[in-house]
Amino acid sequence: MSDSEERHEHTRAAGQQQGQVDETLRDPYGDPYAPAQRRDRRTLSRRGWTLLLSALLAAAFAAVGFTVSVPYVALGPGPLYDTLGEVEGEPVISFHDEDGEDVADELAHDTSGTLSLTTVSVADDVTMFNALVRWASGEYALAPREQYFRPGVPEEEIREENIAQFENSQSAAESAALGLLGYPTDVFVQEVLPDQPADGVLPANAELLSIEGAPVETVQDVHDELEGSRPGQTIDVTFREHDEDGGEVGDEQSVPLELGERDDREQGFMGVTLSERADVDFTVDFTLADVGGPSAGVMFALAIVDRMTEDDLVGDRHVAGSGEINATGDIGPIGGIGFKIEAADDAGVDAFLVPEQNCAEAAAADPENMVLMEVGSLSEAVDALEAHSAGRDVPTCRE
């Protein structure tokens, strides 16, 4: 074979080998040890890409679920606080004279059992996964965050409002309890409503002494004097101004006040909110902190009555409850009653005081071993506790 023929044969053989390689590359079912297979080990197949993308998506979803907050809060059972007991070594309710000296030994009596106020926990900054876990547990509920944190209002301002409501509940509880115990009361202007008849006429913290010459000792006295009045009528109001600490400022004054109109009521309207304050030479002090809202009022009032009554109001029972209260002892509804009942039931409470407006919701909670006592006023609550302690029947939400 000549040199040229030998070179031609070598070229043809190389071409055949290259053709075989190219064919193997084109044939996915070729020799597993062919060069195509070696190239597959350096690149990802379609299945590999699918698995990689799935893993990346799962990681991204997990990152979002664990870090991104949702516009909801998680509501659940909160802690109980015994108003007859202590918190961090200090009594929840104490009594002091005008010099700050403790006078509990003179005014208060030993008690047994518990009177616990109940709370609802509100968890903010809830992530997607956290929300799902809490919801799936059945112990929590989700609510729109704007119901608890108003848009555009700083959280610190909302917190201060909740604390103010809590402090007002203590003041109302004191007035209601001491009024029920027979202590004399004074009536004060708690708030002057803007652009209403009393605006610019009566100052806030003014003590009302008389209306049309009739002495004012309770808020009901004011209502009675206004019962037959009409919008546009002018009445004579006598008052004495007080500072924010309760100290008297100046002498008593008398001013004419033209009554306004409110809603469809026929009687005249002063344009103020009123409160009663016990006229006593001691103070009732509360040490419980980090609790907000007005719903502790009922339990504070009952604790004062129990401490200042010789007979043990609760006995050896464990009682809990919730409810807003005003200075005259009327009990109003509250939120989260189901969570509060659940927390009390878990704590082994014997009976729960329920505002009458919350009874339907409370009965739906259906605690197994707890009496749901229906109450509409402080006096009804006291009667219910006395009856329960003595083993008598009490009005309940299940009737």
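Q: Which residues of H8 are buried?
A: Gly297, Val298, Met299, Phe300, Ala301, Leu302, Ala303, Ile304, Val305, Asp306 and Arg307. Here buried means under 20% relative accessible area, exposed means over 50%, and partly exposed is in between (1.4 Å probe, protein chains only). This is a predicted model: local features need pLDDT of at least 70, side-chain atom pairs count only at pLDDT 80 or more, and totals for chains, interfaces and linings use all residues. Residues are numbered from 1 along each chain as its sequence is written, and side-chain values use heavy atoms, with hydrogens and water left out.

Q: What makes the contact between H6 and H8?
A: From H6 you get Phe166, Ser169, Gln170, Ala173, Glu174, Ala177, Leu178 and Leu180, and from H8 Gly297, Phe300, Ala301, Ile304 and Val305. Contact means heavy atoms within 4.5 Å. By type, the residues split into nine nonpolar, three polar and one charged. The sorting rule is that Ala, Val, Leu, Ile, Met, Phe, Trp, Tyr, Cys and Pro count as nonpolar, Asp, Glu, Lys and Arg as charged, and the others, Gly among them, as polar.

Q: Why are H6 and H11 called roughly perpendicular to each other?
A: H6 (residues 155-180) and H11 (residues 378-389) pack at an angle of about 65°, with axes 10 Å apart. The pair is therefore roughly perpendicular. Ala176, Ala177 and Leu180 of H6 meet Leu378, Ser379 and Val382 of H11. That contact has five nonpolar residues, one polar and no charged.

Q: In which hand does H6 pass H11?
A: The crossing is right-handed. The rule looks at how the near helix is turned from the far one by less than a right angle: anticlockwise is left-handed, clockwise is right-handed. H6 also passes H8 in a right-handed crossing.

Q: How do you know whether Gln170 is buried or exposed?
A: Its relative accessible area is 11%, so Gln170 counts as buried. Gln170 lies in helix H6 and touches Phe286, Leu288 and Phe300, not counting residues up to four places away in sequence.

Q: What relative accessibility does Ser210 have, and what does Ser210 count as?
A: The value is 13%, so Ser210 counts as buried. Ser210 sits in strand E8 (residues 207-211). Leaving aside neighbours within four places in sequence, Ser210 is in contact with Pro215, Val216, Asp236, Val237 and Thr238.

Q: What about Thr238, buried or exposed?
A: A relative accessible area of 8% makes Thr238 buried. Thr238 lies in strand E10 (residues 234-242). Beyond neighbours within four places in sequence, its contacts are Glu207, Leu208, Leu209, Ser210, Glu252, Gln253 and Ser254. Thr238 and Ala214 are 24 residues apart in sequence, and 9.7 Å apart in space, C-alpha to C-alpha.

Q: Where is Ala198 found, and is Ala198 buried or exposed?
A: Ala198 is in the loop between strand E7 (185-192) and E8. With a relative accessible area of 0%, Ala198 is buried. Not counting residues up to four places away in sequence, Ala198 touches Val192, Leu257, Met270, Gly271 and Val272.

Q: How many of the 399 residues of the chain count as buried?
A: The share is 38% of the 399 residues. The chain has eleven helices and 18 strands. Among contacts between residues at least 6 apart in sequence, 72% join residues at least 24 apart.

Methods
Axes fitted to C-alpha atoms, helices over the stretch in contact; angles between N-to-C directions. Helix = DSSP H or I, 4+ residues; strand = E, 2+ residues; numbered from the N terminus. Parallel < 35°, antiparallel > 145°, perpendicular 65-115°, else oblique.
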